[in-house]
Amino acid sequence: MHVDKSGQMLYDAQEWRIRNAVAYFMGPDGLSLQPDPEEPIYRALCPHAYAGKDKQARPIYWEKTGLIRVPKLLKHLTPQKLVKRHVRSMELLTYRMKRNAKEVVEGYLTSECKLDKKASTLIVDYATPDFLKQVVVMDLAGMSYAPDSKGIAVFRSCMKIDQFFYPERLGTAFIINAPWLFTGVWAVVRHFLDARTQRKFRILGSSYHKELRKEIDEANLLQCYGGKLEAPDSFIVRDDKQKGEILRDFTESQRTTAASSPPEAGSWGPY
């Protein structure tokens, strides 16, 4: 075990979190994220959801990745803000993972092992069982045939952050409705991932239902994928009119805010 290397990684992670004020993404209650001023953009252009658990009690993140057009996003946001949004998501998922682990392990230790709550909490805090990981489902239906270098660059930045500051948080990533052209994209993207992480990706076409049901029961599978779980509002696909109205309202609110507030000092910082 490389103690010096591990110590340096821990120091770098803490310094990165302090420099970028990552802890302040969570609200005062520690149970939810602080409001994201750019949330309307993501609801309009990035259908996504934090919903359900797999059969191992790991939280699931859903995304209609194939409908996301990075050039449209970049008309409203910088690449830096897209990466910041990813970090916000990782903070929320990390909280959900710890909460799930606490519920499962404390329930087992108190009922089966007869440990008191304090001892159970200590075990949860120091252990990293498999359900301290997440499951990701990315739906590529509607994927653009035009390669997007800026989108790949953002993805690469996010993967580097995950590798260095959120290691071993991915349990399984399902890529569903993957078209034939994704083979070429994956050939490029996979080089940003280490071999162990690559093995966690399952690339599936339109016949994905059987594989999903192996890992996710009906109660935790979104209705649009054949389950019983109702999708939250953030997963709804808006038509062009609805998107336009949301973005116009957002732009107007930004103008009002900019006119009444001093410019923000500093920036998110380098990645």
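Of the 271 residues of the chain, 41% count as buried, where buried means under 20% relative accessible area, exposed means over 50%, and partly exposed lies in between (1.4 Å probe, protein chains only). This is a predicted model, in which local features need pLDDT of at least 70 and side-chain atom pairs count only at pLDDT 80 or more, while totals for chains, interfaces and linings use all residues. Residues are numbered from 1 along each chain as its sequence is written, and side-chain values use heavy atoms, with hydrogens and water left out.

The chain has 10 helices and five strands, taken as DSSP runs (H or I, at least four residues, for helices; E, at least two, for strands) and numbered from the N terminus. Among contacts between residues at least 6 apart in sequence, 76% join residues at least 24 apart.

An unreviewed UniProt entry annotates residues 170-193 as "transmembrane region"; such annotations may be inferred rather than shown by experiment. In the model, residues 170-193 are 33% helix and 29% strand, with the end C-alpha atoms 12 Å apart.

Charged side chains form 18 salt bridges, each defined as a side-chain nitrogen of Lys or Arg within 4 Å of a carboxyl oxygen of Asp or Glu.

| Salt bridge | Closest N and O atoms |
|---|---|
| D36 and R85 | 2.7 Å |
| E168 and R196 | 3.7 Å |
| R202 and E211 | 3.9 Å |

D36 forms its salt bridge with R85; D36 lies in the loop between α1 (3-19) and α2 (39-45) and R85 in helix α4 (residues 79-111), so the pair ties together parts that are 49 residues apart in sequence. Both D36 and R85 are buried. E168, in the loop between α6 (149-165) and β4 (170-176), and R196, in helix α8 (residues 195-198), are 28 residues apart; E168 is partly exposed at 36% relative accessibility, and R196 is partly exposed at 48%.

For the pair of R202 and E211, the relative accessible area is 28% for R202 and 24% for E211, which makes R202 partly exposed and E211 partly exposed. Salt bridges that share partners join D36, E39, R43, R85, R88, D233 and R238 into one network.

How values were computed:
Contact means heavy atoms within 4.5 Å.
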